[in-house]
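Work through the exercises below with the sequence and the model open. Each task is followed by a stepwise solution.

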Amino acid sequence: MTSALKDEVLKRGIVPTYATVESHIKSQQVAFRAGFEPAFYELFSE
């Protein structure tokens, strides 16, 4: 589903993004399988 949505967004001339938190490994795996690559990381601390 994620890959199909990404492809449709690309066909419309829009750059798709996929955001997840660093600790959500399964979500990261979905993104990788759909063809997304890491662009940046954010780390928050108190």
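**Exercise 1.** Classify Asp-7: is the residue buried, partly exposed or exposed?

*Solution.* Take the relative accessible area of Asp-7, which is 35%. Apply the cut-offs: buried is under 20%, exposed is over 50%, and partly exposed is in between (1.4 Å probe, protein chains only). Asp-7 is therefore partly exposed. Now place Asp-7: it lies in helix 1, residues 2-11. Helices are DSSP runs of H or I with at least four residues, strands are runs of E with at least two, and both are numbered from the N terminus.

The model is predicted; local features need pLDDT of at least 70, side-chain atom pairs need 80 or more, and totals for chains, interfaces and linings use all residues. Numbering starts from 1 along each chain as its sequence is written, and side-chain values use heavy atoms, without hydrogens and water.

**Exercise 2.** Describe the chain as a whole.

*Solution.* Count elements: two helices, zero strands. Take the extent: the C-alpha trace spans about 40 × 20 × 10 Å along its principal axes. Finish with charge: 5 side chains are positive and 6 negative, and the centres of the two sets lie 13 Å apart. Lys and Arg count as positive, Asp and Glu as negative; His and chain ends are not counted. Charges are placed at NZ of Lys, CZ of Arg, CG of Asp or CD of Glu.
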